[in-house]
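Please read them with the structure open beside you.

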Amino acid sequence: MQENVTRRNFLATAGIAAVAATSVSTFAAESGGGKTLKLLGISCSPRKGMTTAKAVQAALDAAKAVDPRIQTELIDLGGLNIAPWSPKPPDDDMKNLLPKFQDPALGGLIIGSPAYFRSLSGLAKCFLERLAPLREPKMVLAEKPFGVVAVGAFRNGGQEMTIEQIQAILLCYGMIPVGGHAPAFQGATLLSANDSIAQDELGLKTAAQLGRRVAEAALKLA
Ligand SMILES: Cc1cc2nc3c(=O)[nH]c(=O)nc-3n(C[C@H](O)[C@H](O)[C@H](O)COP(=O)(O)O)c2cc1C
């Protein structure tokens with residue numbers, strides 16, 4: 001009996017493995033047509049090139065490896081001047097950024113924010129508010145997938161709350177939130193130690209997992 005069960009389990013597992021192998025190999029051929037899809041990663045830390053930018057880049061690198069049609073670009077908001085939304089549109093760096101989000105080749109977004117007081121950074125909030133022209137007259141970002149990366153200096157420092165807040169905002173743009181597979185359920189959550197994420201193996205794994213999921217979703221939705 002035990003032998004039968006074991007054999008049955010083995011056959012079931014082998015079957016699943018075969019299906020998985022087939023679906024991986026046919027995934028690229030079946031999804032997204034032949035066109036190039038651009039994934040933009042946005043680092044919303046006021047500190048250019050620091051841990052948030054590195055974490056977003058890790059997600060983009062994994063996304064790019066999914067399929068040759070995926071192109072990626074990191075936009076680092078560190079050092080840029082981006083004011084909150086106001087009735088009179090501010091004359092600042094946002095005017096150079098907006099066209100990138102109107103590119104018809106845009107396939108999805110990966111937004112990164114440091115956890116600031118267990119919340120998204122002020123820069124992230126300003127940037128997300130200033131995407132408002134992409135809601136009217138047309139919902140330019142609708143039906144595109146996005147993933148969120150959050151970096152904190154503390155374990156349980158509010159990374160998941162930061163992700164949720166950004167997800168709540170981007171739902172207003174009609175975008176589709178993408179979580180990861182385990183261990184990146186909500187998104188990518190990283191721990192910075194002495195201004196470095198290099199030692200956070202698990203966190204970097206969540207970033208890669210999220211990047212892959214956004215790329216796969218972008219290909220499926222395109
Ligand atoms: C104003 C401020 C508030 C912060 N609040 C938190 C927090 O609530 N939780 C946390 O884990 N880290 C907190 N941190 C630490 C940052 O999230 C952490 O250093 C992060 O890596 C910074 O991202 P960066 O290296 O890209 O600038 C805070 C840092 C600052 C400057």
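**Notes on the predicted model**

1. Of the 222 residues in the protein chain, 42% are buried, where buried stands for 20 or more other C-beta atoms within 10 Å of a residue's own, exposed for 12 or fewer and partly exposed for anything in between, with C-beta atoms placed from the backbone. This is a predicted model, in which local features need pLDDT of at least 70 and side-chain atom pairs count only at pLDDT 80 or more, while totals for chains, interfaces and linings use all residues. Residues are numbered from 1 along each chain as its sequence is written.

2. The secondary structure of the protein chain comprises six helices and six strands, where helices (H or I, at least four residues) and strands (E, at least two) are DSSP runs numbered from the N terminus. Read from the N terminus, the elements follow the order α-β-α-β-α-β-α-β-α-β-β-α. Among the contacts in the protein chain with a separation of 6 or more, 77% are between residues 24 or more positions apart; two residues are in contact if their C-beta atoms, placed from the backbone, lie within 7 Å.

3. Around the ligand there are 18 residues, of which the closest are Ser45, Met50, Thr52, Gly152 and Gly157; a residue is near a molecule or strand if its C-beta atom, placed from the backbone, lies within 6 Å of it. Helix H2 (51–64) and strand S4 (145–152) each contribute at least two residues to this shell. By class the shell has eight nonpolar, seven polar and three charged residues, with Ala, Val, Leu, Ile, Met, Phe, Trp, Tyr, Cys and Pro counted as nonpolar, Asp, Glu, Lys and Arg as charged, and the others, Gly among them, as polar.

4. How do the axes of H2 and helix H6 (residues 201–221) cross? They come within 7 Å and cross at roughly 45 degrees, the axes being lines fitted to C-alpha atoms, for helices over the stretch in contact, with angles that run from 0 to 180 degrees between N-to-C directions. H2 and H6 are therefore oblique to each other, since angles under 35 degrees count as roughly parallel, over 145 as roughly antiparallel, 65 to 115 as roughly perpendicular and the rest as oblique. On the H2 side the contact is made by Ala55, Ala58, Ala59, Leu60, Asp61, Ala62 and Ala63, and on the H6 side by Leu204, Ala207, Ala208, Leu210, Gly211, Arg212, Val214 and Ala215. By class, this contact has twelve nonpolar, one polar and two charged residues.

5. Arginine 213, which also lies in helix H6, deserves a look of its own. Arginine 213 is buried, with 24 other C-beta atoms within 10 Å, and touches Gly147, Val178 and Gly180, leaving aside residues up to four places away in sequence.

6. Glycine 108 has its place in strand S3 (residues 106–114) and counts as buried because it has 28 C-beta neighbours inside 10 Å. Leaving aside residues up to four places away in sequence, glycine 108 touches Leu39, Lys144, Pro145, Phe146, Val214, Ala217 and Ala218. Of these, lysine 144 is 36 residues from glycine 108 in sequence, yet the two are 5.3 Å apart in space, C-alpha to C-alpha.

7. Helix H4 (residues 122–129) is largely enclosed by the rest of the structure, because six of its eight residues are buried. The buried residues are Leu123, Ala124, Lys125, Cys126, Phe127 and Leu128, and what covers them includes strand S1 (37–43), S3 and helix H5 (159–171).

8. Most residues other than glycine have a negative phi, and most peptide bonds are trans. Phenylalanine 117, in the loop between S3 and H4, has a positive phi of about 50 degrees although it is not a glycine, and it counts as exposed with 9 C-beta neighbours inside 10 Å. Asparagine 194, in the loop between strand S6 (188–191) and H6, likewise has a positive phi, near 50 degrees, and is exposed, with 8 other C-beta atoms within 10 Å.
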